[in-house]
Amino acid sequence: MPFLSQNWARSTVPKPSQIRQPLLGQSRLTSGLPLPAHSRFSHCIHLLLCTESEVFLPSVTSEEQHVKMSKGKVENIKDKIDGNELDLSLSNLTEVPVKELAAFPKATVLDLSCNNLTILNPEFCSLTHLIKVDLSKNQLVCLPEEIWQLRNLQHLDLYNNKLKMLPLGFSQLKSLKWLDLKDNPLESTLAKAAGDCLDEKQCKQCASRVLQHMKVLQEEAEKERELKLLKEREREKKKEAKQREKEAREKEAQKKKKAEEKERKRKEYQAQMAALAAQEQPKKKKEEKKKRAAQNQGKKTASASVPKAKRSICSLFFSLLLKLLLLLIVGVASVIAVCQLTELRKEAFCVPLNVHFEETVRWAQGLEVVQQVIQKVSELRT
């Protein structure tokens, strides 16, 4: 049986960047002991075989580690700081203690490798002081969209995780100069852009190419979002147009309904008026008869009054004429009497009057009627 030697000193544990030997994928030791291929090397024990081969086995002291950890968070972060570096690797973390890390803004280099991280909370992106972050050998399936807030980040190690895609905000990490995405199930175009990261130069090229790739994806996403917004606006416009058409139809239907209701009321009113007229028809006929009778009576009265009026006018005219004639006769008689009986008969204006009077008397005496009248008058005297 091969001889195994353990060294528990922290200094002999290899750094996460060194835990990339092909032996990690081996399923058996030379001793014949099986190693599950899916084992999580959350705490690595450095074993030295007699064959001088180095492997890492799962720790058998996980219970002791959980005593030192509180819900996957490190209790004494300050003890892990060395200058500007904060080493939280091999700490069995399931989440990043963001609040505790925020208390140490001078720790710009953060090592979170070899933990059990599956996601990074959006709060992690508030650690804008970070310049270098090592997240290798975790179980990360995605990164937060808010990663663009890490504007000072220059070095990012994502080796050996479960990432398939990167968030579009990744393209805004303008300070990023170094990136490792090896051993992730990346989608084909992203994997092609990332390439290998076997040395410093390739990792820098990976950062540049991935940023350019994500920038293109972001531009495409922006165009797609604009197109989607445009389609959404068009749908909204069509929806509004349909709504307006619907409202117009409803308004027209309501208007038509009101018109029909008004017509119905008008017909009902006309029917009521016709019924009332039918009821009042006899009364109207009686009233019309009375009016016609009154009119006839008035006409008769008027026709009767017209002759009377004519007669009264004629009698008045004749009376007036007779009076004028009588007055004329009296006047003439008075003048004749004056010219015959007074001393004025010798005056110039009475002489012709007296001549005419005497001629008239003689003419009248020659009339038979006048003679008879004179005879009767004389007889009456006697």
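Biologist: What percentage of the 382 residues of the protein count as buried?
Modeller: This is a predicted model, in which local features need pLDDT of at least 70 and side-chain atom pairs count only at pLDDT 80 or more, while totals for chains, interfaces and linings use all residues. Residues are numbered from 1 along each chain as its sequence is written, and side-chain values use heavy atoms, with hydrogens and water left out. A residue is called buried under 20% relative accessible area, exposed over 50% and partly exposed in between, using a 1.4 Å probe and protein chains only. By that rule, the buried part of the 382 residues is 26%.

Biologist: How many helices and how many strands are there in the protein?
Modeller: Both are DSSP runs numbered from the N terminus, where a helix (H or I) needs at least four residues and a strand (E) at least two. Counted in this way, the protein has 6 helices and 9 strands.

Biologist: How far apart do the end C-alpha atoms of residues 316-339 lie?
Modeller: An unreviewed UniProt entry places the feature "transmembrane region" at these residues, 316-339, although such annotations may be inferred rather than shown by experiment, and their positions follow the numbering used here, with feature names shortened. In the model the span is 100% helix and 0% strand, and the distance between its end C-alpha atoms is 34 Å.

Biologist: Which classes of residue line the second largest cavity?
Modeller: On a 1 Å grid over the protein atoms alone, a cavity is a set of points where a 1.4 Å probe fits but cannot get out, and lining residues have an atom within 4 Å of a point. The lining here includes Leu-120, Phe-124, Val-133 and Leu-150. Ala, Val, Leu, Ile, Met, Phe, Trp, Tyr, Cys and Pro count as nonpolar, Asp, Glu, Lys and Arg as charged, and the others, Gly among them, as polar. On that basis the lining has no polar residues, no charged residues, and 10 that are nonpolar.

Biologist: Is Leu-150 buried or exposed?
Modeller: Leu-150 sits in the loop between strand S7 (132-134) and strand S8 (155-157). Contact means heavy atoms within 4.5 Å, and beyond its neighbours within four places in sequence Leu-150 is in contact with Phe-124, Cys-125, Leu-127, Thr-128 and Leu-173. Because its relative accessibility is 2%, Leu-150 counts as buried.

Biologist: What is the phi of Lys-137, in degrees?
Modeller: Lys-137 lies in the loop between S7 and S8, and it counts as buried because its relative accessible area is 11%. Although Lys-137 is not a glycine, its phi is positive, at about 55 degrees.

Biologist: Where is Asn-92 found?
Modeller: Asn-92, which is not a glycine, has a positive phi of about 55 degrees. Asn-92 counts as buried because its relative accessibility is 10%. Its place is the loop between strand S5 (85-87) and helix H2 (98-102).

Terms used. 1 Å grid on protein atoms, 1.4 Å probe; cavity = no way out; pocket = protein on both sides within 12 Å on 5 of 7 lines; lining within 4 Å.
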